[in-house]
2 protein chains.
Amino acid sequence: MNTRQEVLDFVHNGHQHYLPHLSIDCVIFGYHAHQLKILLIRHHGHEKWSLPGGYIARNETLTQSAHRILAEKTQLSNLFLQQFYVFGDSATRMNRIETHDTHNTTYAKVGVALGENHWLSERTLSIGYYALVDYLNVVVTPDLLVDAYCWQEVTDVPALDFDHNEIVQKALMTLRAQLYQQPIGYNLLAEKFTLPEIHALYEAILGRQFDRRNFRKKLLTLGLIRQLEERRKIGPHRSPYLYEFDPENYQKALEEGAVLAQ
Amino acid sequence: MNTRQEVLDFVHNGHQHYLPHLSIDCVIFGYHAHQLKILLIRHHGHEKWSLPGGYIARNETLTQSAHRILAEKTQLSNLFLQQFYVFGDSATRMNRIETHDTHNTTYAKVGVALGENHWLSERTLSIGYYALVDYLNVVVTPDLLVDAYCWQEVTDVPALDFDHNEIVQKALMTLRAQLYQQPIGYNLLAEKFTLPEIHALYEAILGRQFDRRNFRKKLLTLGLIRQLEERRKIGPHRSPYLYEFDPENYQKALEEGAVLAQ
DNA sequence: ACAAAAGTGTTCGCGATACACCCATGT
DNA sequence: ACATGGGTGTATCGCGAACACTTTTGT
């Protein structure tokens, strides 16, 4: 939201366009240079960071909402995006006054105060989605509400607003559980990638190490990746071969599940 | 809801006690006599069956709501109850007129008509929960809204109201995936059970067969169950031994996951 | 020459699977 | 005696895990 008018409209008429009592929070996992990070934003006037999120428009399906919110924050579309849980238990989700104050701080910046019964201050459950992106592709633009953003290592997430730490934990658990069952990587790697790259990706997400030889054997046996003739010439030393995903087997593994690593 | 007054209060004032735009639908799996069934209800004036469900009270946590709704329908508490997905994509969840009519039919019976903008007629996303029960313990009492109930084999579910067939499918998929990772049975079997009983339970849920000897070996190796001295004297022929779950190992397997069967 | 990165094959052990006969009981 | 249901052990195979040396290239 870039103009004061937009914010005012959202605050005063948002309940006509969006469903109240429900929000979507996105845990956006970005991978780069052997590190798994998540995208955090900070609202004006807040000390703590929080997850990017938004509301469900009345004329959108839930899935469309999640993709729109993600695209608004990252400028990326067609991403791997997965619903993983609804959060409605914690104290902040029971609408304690703390939540009301937190929201008020955000909008005070543009000179808007939320009344006691304002739709943004009512009890709101949040549907958690997680996405996988290559974080070099993400363009985040601060606006009237969002003061700053940062990429934070998943092993080193600070205390977040609301119950967002809980959401991050659950997202990470789900991502890891999923990775053991299904292939992930299509959205996190270039079309052609090297074995060390995908190997490091898996180690970063799962937070553990895999034997290089066994790892390659596994992916090749499952037919998930194909070795190409080309090699990549990067830096010194021996150049690694390039690989690509086999779309057919990749899709099949997504649908049927396949044990990828133990 | 047993009195007309209760129904009227719910229809007219429900939005003050419950969160609008959100509901909970429960897929209640019941097991008995080698069959996995689900509990369906039928509202007055409806042809199709549907899943039991309810709304989230403003002063309850989401988890409390789910347990309350389940208890209202089955008279059972402390059950294994698991959130598995939010449904917000299908045509009926986009609030087509069909949904409005369907609801109206329900309340017409008690002489109530819902206006166009009634809270019960607005677009409502549904949070799916599934539960596991021994269906002999379930006491379902029809009331002013619920005309009838039945237990239906999961392999033979008729066309249901709204998007409830989709919800059942997703619940079953989740239950099966979960069963491969975690022990299930505590809520579905008596405290002491025989090996053939738990064996048949797994076969019914997963829809496939297991070798008796390997199955027993697996559960014993994992320490999930303990063999007792006693035997059960049932019917003719040799009496089977009784087993019980080892609470400590069972709990550990729930938390950490354990591969149970392949 | 040496250091750093990447390529490659074999062995071992456990766990999953497959499989068949005996025992007890009731008719 | 026979039919039914339940109990039990062993052999095989495949997959996952562990493991080390060679090749290339830049300095």
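Predicted model: local features only at pLDDT ≥ 70, side-chain atom pairs only at ≥ 80, totals over all residues.

The dialogue below takes these topics in turn.

Me: How many residues of chain B are in contact with chain A, and what is the area buried between them?

Reply: Contact means heavy atoms within 4.5 Å. Here 23 residues of chain B contact 23 residues of chain A. Buried area is the accessible area (1.4 Å probe) that two parts lose on being put together, summed over both. For chain B and chain A it is about 1,900 Å², and carbon and sulfur atoms give 58% of this.

Me: How many salt bridges are counted between chain B and chain A?

Reply: A salt bridge requires a side-chain nitrogen of Lys or Arg within 4 Å of a carboxyl oxygen of Asp or Glu. The count between the two chains is two. One salt bridge joins the side chains of Glu122(B) and Arg58(A), at 3.5 Å from N to O.

Me: Which elements of chain B give two or more residues to the side that touches chain A?

Reply: Helices (H or I, at least four residues) and strands (E, at least two) are DSSP runs, numbered from the N terminus. The elements concerned are α2 (62-74), β4 (80-87) and β5 (125-134) of chain B. The largest share, three residues, comes from β4(B).

Me: How many disulfides does the whole structure hold?

Reply: A disulfide is a pair of cysteine sulfur atoms within 2.5 Å. The search over all chains finds zero. For Cys26(A), the nearest cysteine sulfur, that of Cys150(A), is 16 Å away.

Me: Is Cys26(A) buried or exposed?

Reply: Buried means under 20% relative accessible area, exposed over 50%, and partly exposed in between (1.4 Å probe, protein chains only). Cys26(A) counts as buried because its relative accessibility is 1%. Cys150(A), with a relative accessible area of 16%, is also buried.

Me: Where is Tyr107(B) placed?

Reply: Tyr107(B) lies in helix α3 (residues 97-108) of chain B. At 6% relative accessibility, Tyr107(B) is buried. Leaving aside neighbours within four places in sequence, its contacts include Val7(B), Phe10(B) and Leu145(B).

Notes
Residues numbered from 1 in each chain as written. Chains lettered and ligands numbered in written order. Heavy atoms only, no water.
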